[in-house]
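This short report is meant to be read beside the structure.

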Amino acid sequence: MLKFEDILKIEDYKKIRKKVFNTIKKYKLIEEKDKIVLALSGGKDSSVLALLLKDYIENVLRKKVEDTLLALYIDVGVKQHKKQKKVVEEISNFYDIPLKIEEAPIKLDELVRENSITNVCRICGIQKRYLMLKTTIKEGFNTIATGHNLNDEAETFLMNVLQNNYIAARENYLVKKIGSFPKRIKPLYFISSEETGKVAIKLGLCENTKKECPYSVNSFRNLVRTFLEECIKWDKNILYKIINFQLTFLENINKISKKENKKRFSLICKKCGLPSSKEICKFCEIIEKYKSNME
Ligand code: AMP
Ligand code: ZN
């Protein structure tokens, strides 16, 4: 890993730094008073984001990282993720970023061993989102940053279109806030996977940038990703075109349906008190379903 002072001299880092700082300012992702929980998975995107946020806090906001930034790693109980957890601990120690590790209640290896289920990624995602929000509130922070990049967002948009999921498509913006709950931000929204991969290697953050979760190999997302990789060969700007279409779509749709949005987000889960689209949220629903037969 490179010393923090030396990172600022790397050309590829300077390029994405400029773009990300502009995105943060233009979309008001981070404001003066914000305290940020960074969901740090040990992958290339969130690792690069850890340094960009430290840089932004120290050099733009002129604040102390230990008061303003907290990295959060969620252990979902997958043996093959051991290396990622180690990377997270190393980044936290080397760059003085406080770290919290939370364990997901449903361990994925156990879940797969004991149930014949196919939607492992969905259960993983629901637990991660829940723990991000819960921990941020518990720690008294008000912002959750994730390392979702341009490729992730273009994939998500296409997946929603292909599955006729209008509701999910409508919510896929780079900043999202529900009532007084912490806001969720995606500062790498305009940065491609290729760009973060290059920077991560130059900064010595991860040796191998292509680490796939064993449970996501056959996912629909992977199918869409492979399709998009072919599209990029045909048109290198295709990801930007998809994301610009998404932004125009969202800006127009949100003008039309402000009232409807309010109604949808006004529900609070009866069990845990966090925002939900139904009486009981997806997290409490899966806990009820799987936790009891794993104990
Ligand atoms: P993924 O869904 O694996 O592409 O991850 C998207 C983003 O979610 C990452 O860039 C991280 O910010 C966050 N994330 C994913 N997995 C974890 C984890 N185990 N712990 C903390 N954050 C995570
Ligand atoms: Zn709940």
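## Crossing of H7 and H14

Helix H7 passes helix H14 in a left-handed crossing. The model is a predicted one. H7 covers residues 120–138 and H14 covers residues 282–291. Their axes come within 9 Å and cross at roughly 125°.

## Residues where H7 and H14 meet

From H7, the residues in contact are Arg 122, Ile 123, Ile 126, Gln 127 and Tyr 130. They meet Lys 282, Phe 283, Ile 286 and Tyr 290 of H14.

## Helix H5: length and faces

Helix H5 runs over residues 82–95, a stretch of 14 residues. At 1.5 Å a residue it should span 20 Å, and this agrees with its end C-alpha atoms, which are 20 Å apart.

Gln 84, Val 87, Val 88, Ile 91, Ser 92 and Tyr 95 are the buried residues of H5. Seen down the helix axis, these buried residues fall within an arc of 130°, so they line one face of H5. Lys 82 and Asn 93, on the other side of H5, are exposed.

Just after H5 comes Asp 96, which takes a positive phi of about 55°.

Notes: Residues are numbered from 1 along each chain as its sequence is written. Chains are lettered from A and ligands numbered from 1 in the order in which they are written. This is a predicted model: local features need pLDDT of at least 70, side-chain atom pairs count only at pLDDT 80 or more; totals for chains, interfaces and linings use all residues. Side-chain values use heavy atoms; hydrogens and water are left out. Helices (H or I, at least four residues) and strands (E, at least two) are DSSP runs, numbered from the N terminus. The expected span of a helix is 1.5 Å times one less than its number of residues. Buried means under 20% relative accessible area, exposed over 50%, partly exposed in between (1.4 Å probe, protein chains only). The arc is that of the directions from the helix axis to the C-beta atoms. Axes are lines fitted to C-alpha atoms, for helices over the stretch in contact, and angles run from 0 to 180 degrees between N-to-C directions. A crossing is left-handed if the near helix is turned anticlockwise from the far one by less than a right angle, and right-handed if clockwise. Contact means heavy atoms within 4.5 Å.
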